[in-house]
Protein chains: 2
Amino acid sequence: MKESLRPRYEARAKILKAMAHPSRLLMIEELQKQERCVNELTEMIGTDTSTVSKHLSVLKNAGLVADDRRANCIYYRLRCPCILDFMGCVEEVLSANAEDHKKMMKSCKK
Amino acid sequence: MKESLRPRYEARAKILKAMAHPSRLLMIEELQKQERCVNELTEMIGTDTSTVSKHLSVLKNAGLVADDRRANCIYYRLRCPCILDFMGCVEEVLSANAEDHKKMMKSCKK
DNA sequence: TGGCTATTTGGCTATATGGCCAAATACGAA
DNA sequence: TTCGTATTTGGCCATATAGCCAAATAGCCA
C-alpha cells in the first residue's frame with residue numbers, strides 16, 4: 001500500500017473497529033435515541049460495569065461518543081448520528097447473504 | 001442484552017469487523033471501481049499473497065465480496081456498493097476528531 | 001495427461017481484545 | 001472533610017487476528 005495512504009485507511013479502520021462489537025452497536029443505537037449514563041447502559045447490556053466502561057472508552061477514543069458529567073453520573077451521547085445510517089446498508093448485505101443461503105439450500109435439494 | 005436481539009447485533013458486528021482493517025478497506029474501495037484478481041490486489045497492498053487471500057476470505061465470508069474464475073485467475077468484486085457510502089460518515093467523524101484536537105491544542109497554549 | 005501459475009491452507013508467533021474480579025479513583029452531597 | 005455512589009483502571013485468562021513461510025490444491029492450457 002502506498003505509504004501516504006496508510007494513515008488514512010488506518011484512521012478509518014479504527015472507527016469501524018470501534019463499532020464492530022455487538023454490545024457497542026447496541027449502545028450506539030441506544031445513544032442515538034437519548035443520552036445515557038454508564039449504569040443505564042450496563043443494565044441494557046447485562047454485563048459487568050467495568051466491561052461497559054471499557055466499551056465506552058473504545059467508542060470515545062474513536063470519537064464516536066462524547067460524555068459529560070451531571071449530578072453524579074456521567075452521560076454519554078452519540079457524536080455523529082449519521083453513524084447509524086450505516087446500518088441500512090449492513091442490513092442489505094445481511095439480507096443478500098440470507099438470499100444466497102436460501103438459493104444454496106434449494107440447489108442442494110435438487 | 002435481550003437474548004432475542006443478540007444474533008442481530010452479532011451479524012451486524014461481523015460485517016463491520018470484516019471491514020475494519022486498513023488493507024481490507026483499500027480492497028473494498030478498489031473493488032468498487034472494478035473487479036480484481038488476487039494478484040492485482042496483492043500488488044496494491046504490498047504484502048504476502050497468502051495474507052491477501054485470507055483478507056479476501058474474511059470479506060467473502062461476511063458476504064461483502066463475490067468471486068468468479070475466468071481464465072486462470074479468480075476475480076473478486078464488491079457485492080453491495082452501498083458499503084462505500086459508509087465512508088462519508090466515517091470521514092465526518094474523523095474531521096470532527098481533528099477539530100476537537102485542534103481546539104484542545106489551542107486551549108493548552110493559553 | 002502433465003506442467004505451470006494462481007490461489008488457498010496450515011502452522012507458527014506476536015499482538016490485541018473481551019470479560020470478569022478486585023481495587024482505585026472521582027466527585028457530589030451531607 | 002468525610003461518606004457513598006458512579007466510574008475507571010489494572011490484572012489475569014481465554015480467545016481471536018495479522019502476518020509470514022512453506023506446502024498443498026485447483027484448474028487452465030499445451
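Six bridges join strand β2 (residues 65–70) of chain A to β3(A), and the two run antiparallel. This is a predicted model, in which local features need pLDDT of at least 70, side-chain atom pairs count only at pLDDT 80 or more, and totals for chains, interfaces and linings use all residues. Residues are numbered from 1 along each chain as its sequence is written.

**Strands** (DSSP runs of E, at least two residues; a pair needs at least two bridges)
- Strand β1 (residues 36–37) of chain A is joined by two bridges to strand β3 (residues 73–78) of chain A, in antiparallel fashion.
- Cys37(A) has Tyr75(A) as its bridge partner in β3(A), and Asp67(A) has Tyr76(A).
- β2(A) and β3(A) form a hairpin with two residues between them; Ala71(A) in the turn has a positive phi of about 55°.

**Domains** (bounds from an automatic or database domain assignment)
- Chain A is assigned domain 1 (1–79) and domain 2 (81–110).
- Their centres, taken over C-alpha atoms, are separated by 26 Å.

**Interface between domain 1 and domain 2 of chain A**
- Nine residues of domain 1 are in contact (heavy atoms within 4.5 Å) with five residues of domain 2.
- The buried area (accessible area, 1.4 Å probe, lost by two parts on being put together, summed over both) is about 620 Å², with 85% from carbon and sulfur atoms.
- In domain 1, Met19(A), Gln32(A) and Leu78(A) lose the most area to domain 2, together 51% of what that side buries.
- The count of salt bridges (side-chain nitrogen of Lys or Arg within 4 Å of a carboxyl oxygen of Asp or Glu) between the domains is zero.

Note on methods:
Chains lettered and ligands numbered in written order. Heavy atoms only, no water. Helix = DSSP H or I, 4+ residues; strand = E, 2+ residues; numbered from the N terminus.
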